[in-house]
Amino acid sequence: MFALQFDQLDRQAELRINPAHLRELAQQADSSILPVHRQQLLTQDDSLLWLNWSELSDTVEEIQDKHLIYLGQVQGADQIKHYFSYRLTEPDYFIKQFPSVLLKGLRELLPVLSEAESFLANVAIGIEHWHNTHQYCGYCGHTTYSKLAGFVRQCSNQECAKEHYPRTDAAVICAITYQDKILLGRQAQWPENRYSVIAGFVEPGESLEQAVAREANEEAGLTVTNIQYFGSQPWPFPQSLMTGFTAEATHPSIELKDHELEHADWFTRSQINELVGCSQLILPYKYSISRTLIEHWRNS
Ligand SMILES: [Zn+2]
C-alpha cells in the first residue's frame, strides 16, 4: 500500500448539488473542517487543526459556501462523520488569535500524520490549489466562481458559462532494470547524492506505456521492454497522479539526451546498500512511489 491512499472516504458526490444541506452537515457537532491556505495547513504541535463549525465561525468574519469544500464522509464504529475543508483567505487573522498555530506544508507533515489525515489533507490541498490557479476562465478570461461544493468552477460570463473541473496531471514513474541493476538518476537541483528512478508527465495523445518508453529514451537514451504496471499514487506537489511501472532496458549504455538528469547510472543491490550506508546515496522520500518502486526491487 502506498502513502496517501485511504479507502474509507466516501466522497458522496451526489450531495454536492445541495449547498444548504451541506451547510447543515457541516454544522453537525462531530463534523470536521480542515482550514487550508495556499497549499498549507494550520497545525498545532505538529497535529492538523480540525475545527468544528462554531470554532470556524469564531475565526472568520463569515463562513462562505464558496470557500467550503465537501470532502466526503467516513463511516465510524457507530456513526457517520462528515469532513470538509475551508479555503482560508486571511490566515493571518486566524494565526494572530492563536499564536501557537503554524502553517505547514504537506511534505513537512506527512511523517507525523496518520494515514487517514494524510489522505484527507492531500485531497483538501489538491482542490485548494486548483481553485487558486483557476480563478479565471481559460476560454474567455472572465472570473470563475466555485460551485458543487468546490468541485466545479463556472465562468461568470453568461455568454461563455464554461464549467471547469479539478485537474489531475498524469505522470509516469518507472524502475528500469538491466540484468541485476537498477537505473537511478539525479537532477542538478536536487540535494547532493539524492537519486531516484526516472519520471515524467504524460503528453497529450499518449498512453502511459508510451510515456514510459519516451521518458526512458529522452532521459537516459534507453529502449525498454516488458513495461508492467506497478501501482499508482496521488502526488500532491502540486496535482499529479503518479503511475508506477517497471521495465527492462534492452541495452546498458546510457545517454542523457534531454539533460533533465545531470547523472544516471546502473546500481546493484549491494552497491545501493553500501552507498546508502555511508550516505553517499540518498534515496527518495519515504512516502513516495519512487521509493516504493526501489524498495520493491531491492527486496525482490
Ligand atoms: Zn468563460
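A pocket here is an open set of points on a 1 Å grid over the protein atoms alone, with protein on both sides within 12 Å along at least five of seven lines, and lining residues have an atom within 4 Å of a point. Grid points are joined across faces, edges and corners, and a volume is the space filled by probe spheres set on the points.

Before you click: this is a predicted model, where local features need pLDDT of at least 70, side-chain atom pairs count only at pLDDT 80 or more, and totals for chains, interfaces and linings use all residues. Residues are numbered from 1 along each chain as its sequence is written, and side-chain values use heavy atoms, with hydrogens and water left out.

**Stop 1: the second largest pocket**

Select Arg11, Asn122, Val123, Gly126 and Thr168: of the 18 lining residues, these are the closest to the centre of the second largest pocket. Its volume is about 370 Å³. Now colour helix H5 (115–133), which gives the most to this lining, with six residues. (Helices, H or I, are DSSP runs of at least four residues and strands, E, of at least two, numbered from the N terminus.) The second largest pocket lies between domain 1 (9–132) and domain 3 (169–298), because both give residues to its lining; the domain bounds come from an automatic or database domain assignment.

**Stop 2: the largest pocket**

Next, pick Ile173, Trp190, Ala199, Trp235 and Met242, the closest to the centre among the 25 residues lining the largest pocket. This one has a volume of about 540 Å³. Show strand E13 (198–201), the source of the largest share of the lining, four residues. By type, the lining splits into 13 nonpolar, eight polar and four charged residues (Ala, Val, Leu, Ile, Met, Phe, Trp, Tyr, Cys and Pro count as nonpolar, Asp, Glu, Lys and Arg as charged, and the others, Gly among them, as polar).

**Stop 3: the zinc ion**

Finally, centre on the zinc ion and show Cys137, Cys140, Cys155 and Cys160, whose SG atoms are its protein donors at 2.3 to 2.4 Å. (Donors are N, O and S atoms within 2.8 Å of the metal, or 3.2 Å for Na, K and Ca.) The four donor atoms make angles of 94 to 115°, so the site is tetrahedral, as four donors count as tetrahedral if all angles lie between 85 and 135 degrees. The spacing in sequence is C-x2-C-x14-C-x4-C. Cys137 and Cys160 link distant parts of the chain, 23 residues apart.

Notes. Four donors count as tetrahedral if all angles lie between 85 and 135 degrees; four count as square planar and six as octahedral if opposite donors are over 155 degrees apart and all others between 65 and 115; anything else is irregular. On a 1 Å grid over the protein atoms alone, a cavity is a set of points where a 1.4 Å probe fits but cannot get out, and a pocket is an open set with protein on both sides within 12 Å along at least five of seven lines; lining residues have an atom within 4 Å of a point.
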